[in-house]
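Hello,

Here is the structure I promised to pass on. Please open it first, then read the notes below.

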Amino acid sequence: NPKSGVEVVGLTEWPVASYKEIDERIETATKNRTVAATNMNATSSRAHTVVTITYTQLEINAKGPGKHSEKKAKMNLVDL
């Protein structure tokens with residue numbers, strides 16, 4: 001999508017609060033992948049993986065009382 005970026009139908013989103021939780025979610029996704037042999041590769045993946053990490057930083061009272069500042073960053077990791 002030109003405005004919002006990569007979109008995946010049926011995507012599952014998990015909020016996390018630490019790098020450890022990100023690693024745990026990636027490990028869960030890796031275990032769910034389907035792998036089978038092909039003529040070219042004995043351990044070829046039959047699934048693709050897209051991991052999108054969205055980092056949100058909220059600064060309370062950044063610009064005075066009751067005025068908050070929010071910064072967002074998004075990173076897409078794709079394994080074909």
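**What was found**

The protein chain exposes about 7100 Å², and carbon and sulfur atoms supply 53% of that area. Please keep in mind that this is a predicted model.

**The chain overall**

The secondary structure comes to one helix and four strands. Along the sequence, the pattern reads α-β-β-β-β. The protein chain has 80 residues, and buried residues make up 6% of them.

**The salt bridge**

How many salt bridges does the structure hold? The count is one. Lys 20 and Glu 24 form a salt bridge, and their closest N and O atoms are 2.8 Å apart. Both residues belong to helix α1. They are four residues apart there, so about one helical turn separates them. Is Lys 20 buried or exposed? Lys 20 is exposed, at a relative accessible area of 58%.

**Rings and charge**

Look next at Trp 14. The charged end of Arg 25 sits over the ring of Trp 14. The distance to the ring centre is 4.6 Å. Aromatic pairs are another matter: a search of the whole structure finds zero.

**A nonpolar patch**

Which residues make the nonpolar surface patch of about 230 Å²? They are Val 6, Val 8 and Leu 11. Val 8 lies in the segment before α1, the helix that covers 19-32. Val 8 has a relative accessibility of 36% and therefore counts as partly exposed. Patch residues need over 30% relative accessible area.

**Thr 54**

Where is Thr 54 placed? Its place is in strand β3, residues 49-59. Thr 54 is partly exposed, with a relative accessible area of 46%. Leaving aside residues up to four places away in sequence, Thr 54 touches Ala 73 and Lys 74. Pro 15 is 39 residues from Thr 54 along the chain. The C-alpha atoms of Thr 54 and Pro 15 are separated by 9.4 Å.

**Where to start**

To find your way around, begin with Lys 20 and Glu 24 in helix α1. Then go to Arg 25 and the ring of Trp 14. Finish with Thr 54 in strand β3.

Best wishes

Methods
Residues numbered from 1 in each chain as written. Predicted model: local features only at pLDDT ≥ 70, side-chain atom pairs only at ≥ 80, totals over all residues. Heavy atoms only, no water. Phe/Tyr/Trp six-rings, centres within 6.5 Å; stacked < 30°, edge-to-face > 60°. Lys NZ or Arg CZ within 6 Å of the ring centre and 35° of its normal. Patch = residues over 30% accessible without salt bridge, like charges linked within 9 Å, V, L, I, M, F, W, Y side chains within 5 Å. Areas by Shrake-Rupley, 256 points an atom, 1.4 Å probe, with all protein chains shown as cover. Salt bridge = Lys/Arg side-chain N within 4 Å of Asp/Glu carboxyl O. Helix = DSSP H or I, 4+ residues; strand = E, 2+ residues; numbered from the N terminus. Buried < 20%, exposed > 50% of the residue type's maximum accessible area, 1.4 Å probe, protein only. Contact = heavy atoms within 4.5 Å.
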